[in-house]
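Me: Got this one open in the viewer. Can we go through it together?

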Amino acid sequence: MPRSRNSRLTLALAALLALTTACAGAGTDTGGTFTLKVTDPGNSGPLAVGKRDGTFDKALAPLGARIAWVPSTPGFSSNLKLFNTKQLDVSGGAYSPVIGALSKDVGVRIVAVADPVGKDQNGILATPKSGIRSVRDLAGKRIAVNPAGKGEYITLLALAQAGVPVDQVERVPLQQADATSAFATGQVDAWASFNEPYQEAKANGGVEIATEQSIGSVDNTIVAFRTEVLDSRPDVAAKYLETLQQLTRQQRENPADFENVFEKAGPRALSGDRLRRALALGAQAAVPRYPDEKDLRDLESVANLFSANKVTTRTITAADVIYDLPAKLTAYREAAK
């Protein structure tokens, strides 16, 4: 009998240890607090204000959770290694890099989308010396793209619309940081870029030959989580999203409070035309929402373009990409009763 009791005790302790280890892998500190790892926001936007004011930590505290801000590089696709190694749990982005990530078996899923504003802020630029003045002129040239991400999507869509065979244009796979240097030094003839790097390159003389707006891009803005976090703590994911929605509404009402959040001067601070443009976009900021049927169709059109051009090795569907957070949250709460 004593031996039997010892065996049962050993098994119970082993099960408890396994459970504790699994929770730690999903983001739980040794003190029992769940840590949600989020891309560091820099100097602007809802995340920056949330970090400055502690808004997310206050919202998550009743759930036994907190935020850890993770330094990252521009662009969702450049941070896939952080997702793979569980150093990052949630990030903004677009359909295209999440589709690319899933094709590489990175465990991330989209929970919310937002209709993008400023679609003329992303597109294709050519170097002044390249002689490129239209998408058709890309034939025989080299263009930097972040692979299986927004840059590659913009390029493929623009080429298709202009009737330029894809194999006539060399797509050079570079993430934003490396592409910035390659474009500035003329190592590539053109660059499919987005957000601040695009605007800086354009201000420095880059020739704009297409924008997301001009080509009718449907590569919408998204919020994506590591799937393991969604499975284990949908309550934390839902509260994070709710808080992001509230901050985005505040940004629309008072965009000035969401620029130069930590630094009013210096390399990260905006001024002049750049600040005016950022404030105008902030006043139009779209609040993230759960996807609808049109979103699913748009997402699959991006996936199909990648599949047709062999960017992805398998067909990705909306069901592969979208995570039904409301349904998971309901089941989680029912199980907790």
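Me: How many bridges join β6 to β8?
Reply: Two of them, between residues 142–145 (β6) and 190–193 (β8), and the strands run parallel. One partner pair is A144 with W191 in β8. Strands are DSSP E runs of at least two residues and helices are H or I runs of at least four, numbered from the N terminus; two strands pair if DSSP finds at least two bridges between them.

Me: Before I go on, what kind of model is this?
Reply: A predicted one: local features need pLDDT of at least 70, side-chain atom pairs count only at pLDDT 80 or more, and totals for chains, interfaces and linings use all residues. Residues are numbered from 1 along each chain as its sequence is written, and side-chain values use heavy atoms, with hydrogens and water left out.

Me: OK, back to the sheet. What's the strand order?
Reply: β7-β6-β8-β5-β9, an open sheet of five strands with mixed pairing. The edges are β7 (170–173) and β9 (207–211), each pairing on one side only. Neighbouring strands are turned by 25° against each other on average, direction ignored.

Me: And which strands does α8 touch?
Reply: Helix α8 (195–203) packs on the sheet and touches β5 (123–126), β8 and β9. Its direction makes about 30° with that of β5. Contact here means heavy atoms within 4.5 Å; axes are lines fitted to C-alpha atoms, for helices over the stretch in contact, with angles from 0 to 180 degrees between N-to-C directions.

Me: New topic: at what angle do α6 and α13 pack?
Reply: About 80°, with the axes of α6 (150–162) and α13 (293–308) 10 Å apart. That makes α6 roughly perpendicular to α13, a label for angles of 65 to 115 degrees.

Me: Which residues meet there?
Reply: E152, Y153, L156 and L157 from α6 meet V302, L305 and F306 from α13. By class that contact has six nonpolar, no polar and one charged residues.

Me: What about the largest nonpolar core, which residues have the most contacts inside it?
Reply: V98, I99, I110, I124 and L138, in a core of 50 residues. α6 gives the most to this core, with seven residues. A core is a set of buried Ala, Val, Leu, Ile, Met, Phe, Trp, Tyr and Cys residues joined through side-chain atoms within 4.5 Å.

Technical notes. Parallel < 35°, antiparallel > 145°, perpendicular 65-115°, else oblique. Nonpolar A, V, L, I, M, F, W, Y, C, P; charged D, E, K, R; others polar. Buried < 20%, exposed > 50% of the residue type's maximum accessible area, 1.4 Å probe, protein only.
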